[in-house]
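Student: I have a new structure to read. Could you walk me through its features, one at a time?

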Amino acid sequence: MTTVAEPRLLGEPVEAYVPKLDPKQVIDLARQAGLTGRGGAGFPVGRKLAAVAATGRPAMVIANGAEGEPGSEKDRYLLTHQPHLVLDGLQLVARACHASALFLYAPPAALEPVRRALWDRRREAVSVRLAPAPSTFVAGEASAAAAAVVGGGAIPADKMVRLAKREMPTLVQNVETLAHLALVARHGAEWFRTRGTQDEPGTFLATVGGAVVNPQVVEAGYGVPLGELLAAAGGPSGPLSAVLVGGYHGGWVPADPELPVSRAGLDSYGATPGAGVVTALPASSCGLRETARIVEYLAGQVSGQCGPCLNGLPRMASALSDLAHHRIWLGMTSEVDRLRGLVTGRGACHHPDATARLIGSAMRMFHEDVTAHLKGECVAR
Amino acid sequence: MRLHIDRTACDGRGLCAELLPELLESDEWGFPMARGSSGVPEELTRAARRAVDRCPKLAFHLAPGS
Amino acid sequence: MTSDALWFVGRGSGVISLVLLTVVVALGIGARSGRTPFDLPRFAVNLLHRNAALTAIVFLAAHIISLLIDPLAPITIFDAIFPFSSTYRPFWQGLGTLGMELMAAILLTTLFRHRLGARGWRAVHWLAYLCWPVALAHGLGTGSDNNTWWLWAITMICLAAVAAAVFWRVSPRFDPPRRRVAVRPFEEVR
Ligand code: SF4
Ligand code: SF4
């Protein structure tokens, strides 16, 4: 069933336990369970592990808990609540791809509980290096994490150039993904598949916030109805106009309680569950203003490397803010569309693409607001 | 072959777009932009290679695939 | 060839190489500006920079070889490899050897720059700013021409050309606004 019931990751804190599995067994388990990355992109874990293992070279493995998304709490919560589960998963992955260096990359505050957990496990001959993550938005991007743990700036790099450099193969996995893998190793792939949907098995952590009574981290199976997720956080605190799913790199969806939160369920809105950020927008707020504020923030989080992103995002932000604040000029909506096309696919990371996608979903979701704003009115109550 | 631009290195002075006008144009800030797809047709591979060689930032690459 | 002819070839190719080198350096500095000199297409500036550099190297080779085979010229292979070892005006002639070696370093790293990576290549390419004044000083200080008016004139013109390129490069109106902003709004980790 796809409900909020019976937490897995959020159950009782567990002690360290790493079953004796060989590399192939770990990869097979991840494959059979259908485990996907929980950091946002949702890439199949088994395939990623197999690719790194196939290089035959010792790899660098990074547990990524950087969580640059301002609305997201779940990685920090997990590291505090279940540090051993994350470390178990990290060790399993390390075994699967003959890792020679293990890192846990997270904001300094979230490293404290991990440090204590590592002290509990001091008898095991495994060394995990703790790397503090800066609190910037793109710090959690995989190549930014890989640069940061070896002492560089936490900024993304060009994927092709990085591969060509033939450095140590690097595997970056979100901390929640690792915790799920640890559970799969304990309970088996079949057990894992008893939650979620056929195509998207398992549970995920959602940070439910915005206009809800008790904002909190919630665990649910993929496909959970949106209304149930919101109810787990105390329910909406008033009438809602829309919900932002997937965080600032996500998309707007209608506040429909029946809407299944899964890739398949959200696809028609151009959204994905992403890293599980679910933010309810009260009907009293203007969706365009909220989006303009987010895009302004995202434009400020550009890492300053790629021309189209660096130049394009501030331009989109100002056009959108003009629209949100009734500074109307001729052709402003088509200019927004043009800029979205101009930045998409033209950065080293997907920051510009995701920003353009968010704006697109806002223009669709709030098209009545757009019409009203162009006439100098607003539909927010 | 297909064109690949390392956006973190490119300075947007537009040299490549001058050398490969068939495949690239400059956007309003000077940064190269593929006209259509980034695939390089057979007859333009030599010109593309020359453009790769001339990029002052070594930001311009030819990658396998289409 | 007579020794006289060799002497002229040696001196002439040295001067030509110096002038070409000046063109190369001036174009190299100017090319980093937002606008190209005389509104030439950017690729033309780029190709001119490269071709002038390669030609300068050819003339430099002629300069060195002709002086080496000239029985009257007081330099040896040894002097052409180890700077400041010559018995004849060791300092001024040593500058020539040093300049040649810097140029060789720049040439080799440029040939292999795609292997070397942008950072290493650029670091060595910066040596051009050392190489060019060294070559200029070598031209003035060595040989028997240092009291002729025309060598001084050429040197001055070279200096003026590079100064003009620097001026072109730094004048802000040649950098279009809203290009790359130099901010990296990131705290470094550790
Ligand atoms: S696309 Fe934007 S955020 Fe991503 S690396 Fe380039 S400049 Fe930075
Ligand atoms: S030549 Fe190189 S640096 Fe210049 S615009 Fe093209 S890719 Fe960018």
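Tutor: Start with a definition. A salt bridge is a side-chain nitrogen of Lys or Arg within 4 Å of a carboxyl oxygen of Asp or Glu. Keep in mind that this model is predicted.

Student: Into which domains is chain A divided?

Tutor: The assignment gives domain 1 (23-192), domain 2 (203-282) and domain 3 (287-374). Now look at two of them. Over C-alpha atoms, the centres of domain 1 and domain 3 of chain A are 32 Å apart. Their contact takes 11 residues from domain 1 of chain A and 8 residues from domain 3 of chain A.

Student: How do I read the size of an interface?

Tutor: Interface size is often given as the accessible area lost when the parts come together. Between domain 1 and domain 3 of chain A, that buried area is about 750 Å², and carbon and sulfur atoms give 64% of it. Phe137(A), Val138(A) and Pro156(A) supply 55% of what domain 1 of chain A buries there, more than any other three residues.

Student: How many polar links cross between domain 1 and domain 3 of chain A?

Tutor: Across this interface there are 3 residue pairs in polar contact, both residues at pLDDT 80 or more. The rule finds 0 salt bridges there. By class, the side of domain 1 of chain A that touches domain 3 has 6 nonpolar, 2 polar and 3 charged residues.

Student: On to the chains. How many residues do chain B and chain C give to their contact?

Tutor: Chain B gives 17 residues and chain C gives 19 residues. About 1,700 Å² is buried between them, with 46% from carbon and sulfur atoms. On the chain B side, Arg13(B), Arg54(B) and Leu58(B) lose the most area to chain C, together 42% of what that side buries.

Student: Which side chains meet in a salt bridge there?

Tutor: Arg113(C) meets Asp53(B), at 3.2 Å from N to O. The chain B side divides into 8 nonpolar, 2 polar and 7 charged residues.

Student: Last, what classes make up the shell around ligand 2?

Tutor: The shell has 7 nonpolar, 2 polar and 3 charged residues. Among the surrounding residues are Cys10(B), Cys16(B), Cys55(B) and Arg13(B).

Definitions and conventions. Residues are numbered from 1 along each chain as its sequence is written. Chains are lettered from A and ligands numbered from 1 in the order in which they are written. This is a predicted model: local features need pLDDT of at least 70, side-chain atom pairs count only at pLDDT 80 or more; totals for chains, interfaces and linings use all residues. Side-chain values use heavy atoms; hydrogens and water are left out. A residue is near a molecule or strand if one of its heavy atoms lies within 4 Å of it. Ala, Val, Leu, Ile, Met, Phe, Trp, Tyr, Cys and Pro count as nonpolar, Asp, Glu, Lys and Arg as charged, and the others, Gly among them, as polar. Contact means heavy atoms within 4.5 Å. Buried area is the accessible area (1.4 Å probe) that two parts lose on being put together, summed over both. Domain bounds come from an automatic or database domain assignment. A polar contact is a pair of N or O atoms within 3.5 Å; within protein, one must be able to donate a hydrogen and the other to accept it, and residues adjacent in sequence count only if both atoms are side-chain atoms.
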